[in-house]
Amino acid sequence: MSDKKGIILSGMRPTGRLHLGNLFGALENWVKMQDDYDCYYCVVDWHALTTDYENPLRIRDNVREMVIDWLSCGIDPQKAVVFKQSDVKEHAELHLLLSMLTPLSWLERVPTYKEQLQQIKGRNLFTYGFLGYPLLQAADILVYRANAVPVGEDQAPHIELTREIARRFNHLYQKKIFPEPETLLNVYKVVPGLDNRKMSKSYNNVIEISTPPKEIPAKVRMMITDPGRIKKDDPGNPHICSVFAYHRIFNQDNLGEVEESCKEGSIGCVECKKSVATHLQNFLDPIYHRRKEFENNPLLIKEVLAEGGKKARAVARETMEEVRQVMKLV
Ligand code: TRP
Ligand code: SF4
């Protein structure tokens, strides 16, 4: 047994290269947890198929790109189990078995279900797999008997469902096989997109973690500042300016100074942006170089996933043996 605080599992869909919003919304939390918990970090490629089954071409590349981002940002496969969902077939078996005891109404009332049916256009999502998305997620979590799941707020209903399913299972088969996992809400740092909306791939306003540092100044120049500042010495309001949000993260030491000079109009936006760009470049530089190492050595990521898959399967297999026993399959 390890001396850790418990078992954590989290997952991300392989949507390609991650951006600063992903880093400061989720990944940073994952990195911090590695020392305190037994962490399982899963690339959920089956979940990606629930919406992209018609066009799966990019999933494989996306898995790779995402794992490179994880490792470049500090996920350490020596500390955390980094693996791909489809490498551990036990997730699918548990999903199937849980589907036997999951009332349809529990899935239909999950808020993300109806929202996404309305929001995602141009694809037929009236599928069995899409309805079952949160149940597959429950299987991801329960198969490692995770005690907690770090996620963003939007995912909280899925973890709640997971708890209900764990409870129902334990009750039906009169054995406490599954702990009820807690939701650990990600600590979030606000990184607005280049157009001052939420940073999101679908808005086309992101800064990718893998952006070459030399391209950063041009991106920062596109950012929206306080629109009330016309002349260089107009007093500004940093709190409505996306550039200031970046100072908050990347230039903490001088934050007070930047705020003051903006408010009194003694610094121009061009100069203010230059300073943020430099800090952001310094931040991304080591990440960029780590990424290059992985890109130059394609086998490395394969090995990490193979190794992680092996560790994950060993744990999942044990859980499934108990599950089969109580469900009288053996
Ligand atoms: N549904 C999650 C998301 O879209 C991804 C996910 C799949 C997940 N399985 C998980 C998250 C298990 C936490 C735990 O972000
Ligand atoms: Fe934003 Fe800086 Fe311009 Fe103030 S000076 S509005 S913080 S870019």
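Analyst: The shell around ligand 2 divides into six nonpolar residues, one polar and two charged (Ala, Val, Leu, Ile, Met, Phe, Trp, Tyr, Cys and Pro count as nonpolar, Asp, Glu, Lys and Arg as charged, and the others, Gly among them, as polar). The model is predicted: local features need pLDDT of at least 70 and side-chain atom pairs pLDDT 80 or more, while totals for chains, interfaces and linings use all residues. Residues are numbered from 1 along each chain as its sequence is written, chains are lettered from A and ligands numbered from 1 in the order in which they are written, and side-chain values use heavy atoms, without hydrogens and water.

The residues that surround ligand 2 are T225, D226, R229, C241, V243, F244, C262, C269 and C272, where a residue is near a molecule if one of its heavy atoms lies within 4 Å of it. Two or more residues of this shell come from each of α11 (242-250) and α13 (269-296); helices (H or I, at least four residues) and strands (E, at least two) are DSSP runs, numbered from the N terminus.

Aromatic contacts come next. There are 11 aromatic pairs in the structure, a pair being rings of Phe, Tyr and Trp (its six-membered ring) with centres within 6.5 Å, stacked with planes under 30 degrees apart, edge-to-face over 60 and tilted for the rest. F83 and Y144 form an edge-to-face pair, because their ring centres are 5.6 Å apart and their planes stand at 65 degrees. This pair links distant parts of the chain, 61 residues apart: F83 belongs to strand β3 (residues 81-84), and Y144 to the loop between α8 (133-142) and β4 (148-151). F83 is buried at 0% relative accessible area, and Y144 is likewise buried, at 1% (buried means under 20%, exposed over 50%, partly exposed in between, with a 1.4 Å probe and protein chains only). Elsewhere, ring pairs join F24, Y246, F250 and F283 into a cluster.

Charges also sit over rings (NZ of Lys or CZ of Arg within 6 Å of the ring centre and within 35 degrees of the ring normal). R168 places its charged end over the ring of W106, 5.9 Å from the centre, and R197 lies over the face of Y203, 3.9 Å from the ring centre.

As for the backbone, most residues other than glycine have a negative phi. Q174, not a glycine, has a positive phi near 55 degrees; Q174 lies in the loop between α9 (156-172) and β5 (182-185) and is exposed at 65% relative accessibility. N204, also not a glycine, has a positive phi of about 60 degrees; N204 lies in the loop between β5 and α10 (216-221) and is exposed at 71%.
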